[in-house]
Amino acid sequence: SMFNFPRAAEFQELKAKLEALNESQAVFEMDMDGCLLDANGNFLELLGYTLEEMKGKKLSQFLKHVGSKAGAVQEEVLAQVRQAGSHEAELRFNTRG
């Protein structure tokens, strides 16, 4: 067939891995313009913001770099996402308070 769907056991294993990643990592999702779309509880707790406060704002607004350097870091992240489909890195953020 044209589609190769994972078997139920493979799907459950993948789901378990994603849930473990979500519980152990600070994860966020952004669009190709660098605007935050979603974030997990770890990410929000780490930065001290609610999703409503961050949603739709540029990632660079929260990076711990000044001015254009934050924009450059954001562009580097976006370039890697465009190339690989995802990006994993240690980024430094400004936290509230």
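Is Lys17 exposed or buried? Lys17 counts as exposed, with a relative accessibility of 55%, and since this is a predicted model, that figure comes from predicted coordinates.

Glu13 is partly exposed, at 47% relative accessible area.

Side chains of opposite charge can pair when their charged atoms come close. In this model the count comes to three salt bridges. Another one joins Glu10 and Arg7, with 3.4 Å from N to O. Here Arg7 counts as exposed at 61% relative accessibility, while Glu10 is partly exposed at 38%.

Next, look at Arg96 and Glu53, whose side chains meet in a salt bridge at 2.9 Å, N to O. This pair links distant parts of the chain, 43 residues apart: Arg96 lies in the segment after α4, and Glu53 in helix α3 (residues 51-54). Arg96 is partly exposed, with 44% relative accessible area, and Glu53 is partly exposed too, with 26%.

The largest pocket holds about 720 Å³ and is lined by 24 residues, with Ala26, Val27, Phe28, His87 and Glu88 nearest its centre. At least two lining residues come from each of β1 (28-30), α2 (41-47) and α4 (68-84). By type, the lining divides into 14 nonpolar, five polar and five charged residues.

Note on methods. Residues are numbered from 1 along each chain as its sequence is written. This is a predicted model: local features need pLDDT of at least 70, side-chain atom pairs count only at pLDDT 80 or more; totals for chains, interfaces and linings use all residues. Side-chain values use heavy atoms; hydrogens and water are left out. On a 1 Å grid over the protein atoms alone, a cavity is a set of points where a 1.4 Å probe fits but cannot get out, and a pocket is an open set with protein on both sides within 12 Å along at least five of seven lines; lining residues have an atom within 4 Å of a point. Grid points are joined across faces, edges and corners, and a volume is the space filled by probe spheres set on the points. Helices (H or I, at least four residues) and strands (E, at least two) are DSSP runs, numbered from the N terminus. Ala, Val, Leu, Ile, Met, Phe, Trp, Tyr, Cys and Pro count as nonpolar, Asp, Glu, Lys and Arg as charged, and the others, Gly among them, as polar. A salt bridge is a side-chain nitrogen of Lys or Arg within 4 Å of a carboxyl oxygen of Asp or Glu. Buried means under 20% relative accessible area, exposed over 50%, partly exposed in between (1.4 Å probe, protein chains only).
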